[in-house]
Amino acid sequence: MAHEYELSIGPIHPALKEPIMIRVKVEGEEIVDVDVIASQNHRGIEWLGMNRNNAIQSIYLAERVCGICNFCHPSCLVMAVEEIADIEVPERAQYIRVIQGELERIHSHLLWAGVAAHELGFDTLLHYVWMVREKVMDVLELVNGNRVTKSIIMYGGVRRDIKEEHVEHIRKMLDYYRNAFSKLAKFFLEDKTMEKRTREIGILTERDAIELAAVGPTARASGIKKDVRQDFPYFAYPDFDIHAITPDELTGYTVGDVYDRIVVRLLEVKQSIDIIEEALNEMPSGEIIAEKKLVKLMAKIKASEGEAVARYEAPRGEDIHYVKLKKGFEPLYSWKVRAPTYINILSWRPMLVGYQIADIPIIAASIDPCMSCTNRIAVVKDGKERIFTSDYFHELSVKKTRRLMK
Amino acid sequence: MGVSGGGGEKMNAEEAMKKFQDNGYEAWLSSRNAGVKNRVERKTLWVKVERDSIREAAEFLKNMADEYPHFSIISCSDEGEYMCLNYHFTLSYARRLQEFIVTLKVDVPKDDLRIDSIADIFPAIIYSEREIKEMAGVEFNGIPDDRHMFLTKDFPSGVYPWRRDETAPKETNKLYERWKNGA
Amino acid sequence: MIPKAFKRSLWVFHVNSGSCNGCDIEIVAALTPRYDVERFGIKLVGSPRHADVIAFTGPVTKDMEEKVKRVIAQAPEPKVIVVVGACGIGGGVFHESYHLSGPIDKLIPDAKFFYVPGCPPRPEAIIQAFAKAWEYLEEVEKK
C-alpha cells in the first residue's frame, strides 16, 4: 500500500523578501504535490517604504530587499521615480549603471554556481567558484567602497564615478574571468557527475514556463527568448547588441532541465564580461548626477505627481516596481515590489512533481532562490512531527550522487 | 495563438490601444526614452476597466494578443474612497525593443471591497491575488486558495498594511519601542 | 589572531530569521578560500544540537519568533550567539516594521551575545567576533 508523506522544507529560507517553506507530498521517493508557504521573511518593506520621511530614504530600504541583488531593486525604484518626476539622467551615469548592473550579475551567477555545486555534494567546486568570485567582489569594493551593499544609485544618476584608475582594475578582472570561464565551463558542463545529476532533472516545459510567467534564466532555459535588457531596455542598454541567451546556443537543443539553467547562467557571465568591456570603451565623459543638491531633488520629487512601472533584468529575472507619487506628499504614495523569485516559485511545482526527494535541493536551487542558507525539514507522519536538518536532505543528495557514480 | 517567438512583427502598443478603444475601453499610452547613442521609446498602455468587467477584460487581453500575455504583478493604491488595483502584464516579449506593458486599472470602492478572481484565466496570478487580499483587504470572488501569503496566520484581522486609512498598521514593533524608551 | 592553541574546533550553526541575505553570503564568504575560517577549525554544522556558537542574522520576523526560540533552545549550554549585521542588533532599516518581533537579545535574555555591526559587516569582522566568542568559551571551560 502506498503511503503519502508530507515533507516541509524551510522555513529558514531567505530567498528575496520571502523565505519560503515548501511542503512536498511524497509517495515513496516520488514527489506528488508541492505547496509553498511564504510568510517567514516578510518584513513589510513596501509599508516601510511608503512611511519613510522621504523618497530618498526608500532607496536604502530597496537595497535591503535582497542583499545579493542590491543594485536591481533600488535601480527599479529610481527608474520609476525618474519617469514620474521627469528627471533626465546624464549619459555617463547611464553607462556606469550598466557596468554596476553587470558586475552584480557576474557575482550573483557565480554565487549561484557555487551553491548549486554544494547542493550536489561537490564542495570542492563550491570552494573553487567562490574563490573565483572574490575577484569581482574586490572590484566592487574598489569602485563602491563596500563589498555587498553598495548605495551607489541615486535619483538622477549615481553617487560615485568609475575613475581612470578603476578602469585598469576592471579590465584586469575581465581578463581573469575570460581565463577562468573555460575552466568553469569544463567543471560544470563536462563533468560526468554533474551531468548525471542535472540532465533531465526538474524539467520545465516551454508551455508551463509561459503560463506560470517564469522570468529570467529560468524562462530562458526553457527556450523563451525573453530578457528585459533586450525587449524593454533601460539605462544605456539600447546601445548594446544584447540578445536573450538560450541553452541551444551551446548545446544545440533545449530541454528545460537543471543542466540548461546552468548553461544559461554560465553563458550570461560571458555576456556580462563583453558588455562591461564595451561599456568601458564607449563610456562618455561628463556629469554623473542630474541634481547634486539633495534638498532640491527632494523638492522636485515632492512636487511631482503620477504613476509609473519600471522593469529591470536582475540576475534572477525580471524585477518590476510600481510607484505612485502625490503632489505635496513627501514619501512614496504607493510602492509595489515584485522580485523575480516571487513569480518563479510557481514553477517549482511542475519542476518537482515526478522527481525524487534527493533531487529537491538541486531543483529548488535551480531557480536561484538562495537555498544556500539553513533549511529545516520536518517529516509529518500520522500527525507526529519529526524534525530533520538540512543536512539530512543534503546527505540524501550526496548519496544519490555517489550511487550514480558506481 | 503561438506560444512564444514566431516570425515577423508583433502587435505594437498603438495597435493594442486601438483594439481596446474599439471595444469601448478607455485606454491611453505613456512613454519614456532610454539609451544614450541609440534612443528608444518604451511604452506603457493603461486601460481603465470597470470592476464588474475584469473577467471580460482579462479574456479580451488573452485573446487579442499574438502570444500568451506575461503576467507581472497586481499593485494597489489607496485613493481614499476606493482602492485602485493595477494588473500589470507585458505583451510582444521575446522580441528586441518590441515589448510593452499593459496595465489594467480597476477601482474597487471601499464600501464593497470585492472583485472577481481571474486566477483561472491566468494561473500565475494566484499569489498576487492572495497578497492583495491580505495587504489591501480586497476579497476575490472564486479565488481557488485564500490562505495568507506573506503575513503570519495569527496576524490581526482588519489590519491592512497597504491602506492609508484607519486600517493601516498602527502598532509597530513593540520590542523595538520598548528598547527605544530605554527599558 | 588567537594567542595559543585551542582544545577543540568551534562549530557554528547559522540561523536566518528574515535577513536580506547580505550577511548570509558574507558568512559563506568567510568559509570559502579567500578568508577560509575552516583552517582555524571553525565549521558550519547542520544542527543546533552540535553547535558551540550560533551565528544569527536578521531582525526576527513575527513568523520566525517561535522557530528561532525553538532552535536556540536546542543548542547546548552555555548559549553563545553571534549577532551578525545591524538588523539583528536593533532592527536596522526595518526597525519599525509591523511584522517584526526582534531584536533577538530581547527574545532570548539568558544567552551571551557578541555583536557584529555593519550592513553587512565584512568577513574579517565576522571572523573576529567568532574568535572573541571562542575566547569566552575557553574561559568558561577553565572555571
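Let us begin with one salt bridge: the side chains of A:Asp86 and B:Arg32 come together at 3.6 Å, N to O. Here a salt bridge is a side-chain nitrogen of Lys or Arg within 4 Å of a carboxyl oxygen of Asp or Glu. This is a predicted model, in which local features need pLDDT of at least 70 and side-chain atom pairs count only at pLDDT 80 or more, while totals for chains, interfaces and linings use all residues. Residues are numbered from 1 along each chain as its sequence is written, chains are lettered from A and ligands numbered from 1 in the order in which they are written, and side-chain values use heavy atoms, with hydrogens and water left out.

Now step back to the interface around that salt bridge. Between chain B and chain A the count is nine salt bridges. There are also 33 residue pairs in polar contact between chain B and chain A, both residues at pLDDT 80 or more. A polar contact is a pair of N or O atoms within 3.5 Å; within protein, one must be able to donate a hydrogen and the other to accept it, and residues adjacent in sequence count only if both atoms are side-chain atoms. On the side of chain B that touches chain A, β3(B) gives the most, with nine residues. (Helices are DSSP runs of H or I with at least four residues, strands are runs of E with at least two, and both are numbered from the N terminus.) The residues of this side of chain B divide into 26 nonpolar, 16 polar and 14 charged. For this tally, Ala, Val, Leu, Ile, Met, Phe, Trp, Tyr, Cys and Pro count as nonpolar, Asp, Glu, Lys and Arg as charged, and the others, Gly among them, as polar.

How many residues of chain B are in contact with chain A? The number is 56, and they meet 62 residues of chain A, where contact means heavy atoms within 4.5 Å. The area buried between the two chains is about 5,200 Å², with carbon and sulfur atoms giving 56%.

Next, the aromatic rings. A search of the whole structure finds 20 aromatic pairs over all chains. Rings of Phe, Tyr and Trp (its six-membered ring) pair if their centres lie within 6.5 Å; planes under 30 degrees apart are stacked, over 60 edge-to-face, and the rest tilted. A:Tyr176 and A:Tyr177 form an edge-to-face pair, 5.5 Å centre to centre with 75 degrees between the planes. A:Tyr177 counts as buried because its relative accessibility is 3%, whereas A:Tyr176, at 29%, counts as partly exposed. Buried means under 20% relative accessible area, exposed over 50%, and partly exposed in between (1.4 Å probe, protein chains only).

Finally, look at B:Phe155, in the loop between β7 (139–141) and α4 (174–180) of chain B. Is B:Phe155 buried or exposed? At 9% relative accessibility, B:Phe155 counts as buried. Leaving aside neighbours within four places in sequence, B:Phe155 is in contact with C:Tyr98 and C:His99. Chain C itself has five helices and five strands, and of its 143 residues, 61% count as buried.

Notes:
Buried area is the accessible area (1.4 Å probe) that two parts lose on being put together, summed over both.
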